[in-house]
Amino acid sequence: MINPYNLDHILEGWGEEGLDPVTLRELWNKATEPLFDVLVVDDEPTFTRLVKYNLEADGHYHVFCENDARKALSDCLDLLPDVVLLDLRMPQLDGEEVYRQIRENPALNWLPVVKFSAELPGTSRFCKNPILGEDGHLMLAKPASLDEINQAIRMEIQNALEDLILANE
């Protein structure tokens, strides 16, 4: 990655040549922001497509969708996403079981997971997202806004990174 201090030096001459420094800095910031891989696991294809479309339009995510919970663990192992959005209520395999499998797998137990469902235990339908679950991980109540999903993803990734740093000290 290019040192950001070099950017200030590069910006000095750009004003006269047509591209103003503010626009160039915005382009620079957008180009250097991370792109996260997200796996969305939900039995509703319409929901996964909607989340994929909106997150990818945001420009910071590459989204993979899985509508069969039985394939979620193998998808996690194959893709090694940065975060998983996991529905808790699915017909083939309960989301809590998928979550347990992820946590018990040594290759995935570090993986940030944001659980979501239309019915979260112990919450009202009008609760403010995201919610901190009993296990310390974030949960989202459906329907969730794009901002709430975005916030939960970033918070869960940050928490996972902090846990990894603490574990390696």
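I take helices (H or I, at least four residues) and strands (E, at least two) as DSSP runs, numbered from the N terminus.

**Basis.** I worked from a predicted model, in which local features need pLDDT of at least 70, side-chain atom pairs count only at pLDDT 80 or more, and totals for chains, interfaces and linings use all residues. Residues are numbered from 1 along each chain as its sequence is written, and side-chain values use heavy atoms, with hydrogens and water left out.

**Overall layout.** I noted six helices and six strands in the protein chain. Along the sequence they follow the pattern α-α-β-α-β-α-β-α-β-β-β-α. Buried residues (under 20% relative accessible area, with exposed over 50% and partly exposed in between, for a 1.4 Å probe and protein chains only) make up 37% of the 169 in the protein chain. I then looked up contacts, meaning heavy atoms within 4.5 Å. Among those in the protein chain between residues at least 6 apart in sequence, 63% join residues at least 24 apart.

**V83.** I located V83 in strand β3. V83 counts as buried because its relative accessibility is 0%. Leaving aside neighbours within four places in sequence, I listed D37, V38, L39, L111, P112, V114, I153 and I157 as its contacts. I also recorded 9.5 Å between the C-alpha atoms of V83 and A160, which are 77 residues apart along the chain.

**Helices α3 and α6.** Axes here are lines fitted to C-alpha atoms, for helices over the stretch in contact, and angles run from 0 to 180 degrees between N-to-C directions. I found that the axes of α3 (residues 45–58) and α6 (residues 146–167) come within 11 Å and cross at roughly 70 degrees. That makes α3 roughly perpendicular to α6, a label for angles of 65 to 115 degrees. On the α3 side I listed V51, N54, L55 and D58, which meet L146, I149, N150 and I153 in α6.

**Nonpolar cores.** I define a nonpolar core as a set of buried Ala, Val, Leu, Ile, Met, Phe, Trp, Tyr and Cys residues joined through side-chain atoms within 4.5 Å. The largest has 18 residues, of which V38, V51, L55, Y61, L85, I149 and I153 touch the most other members. Elements giving two or more residues to this core include β1 (36–41), β2 (61–66) and β4 (113–117). The greatest share comes from α6, with four residues. For Y61 I listed L35, F36, V38, L55, E56, N150, I153 and R154, not counting residues up to four places away in sequence. A second, separate core has 14 residues, among them A72, V84, I102 and V113. In soluble globular proteins, nonpolar side chains tend to be buried together.

**S117.** I placed S117 in strand β4. S117 is buried, as its relative accessible area is 1%. Not counting residues up to four places away in sequence, S117 touches D87, L88, R89, L140, A141 and K142.

**Backbone exceptions.** Most residues other than glycine have a negative phi, and most peptide bonds are trans. I noted a cis peptide bond between K142 and P143, with omega about -5 degrees. P143 lies in the loop between β6 and α6. I also noted L80, a residue other than glycine, with a positive phi near 45 degrees. L80 sits in the loop between α4 (72–79) and β3, and with a relative accessible area of 44% L80 is partly exposed.

Notes
Angles under 35 degrees count as roughly parallel, over 145 as roughly antiparallel, 65 to 115 as roughly perpendicular and the rest as oblique.
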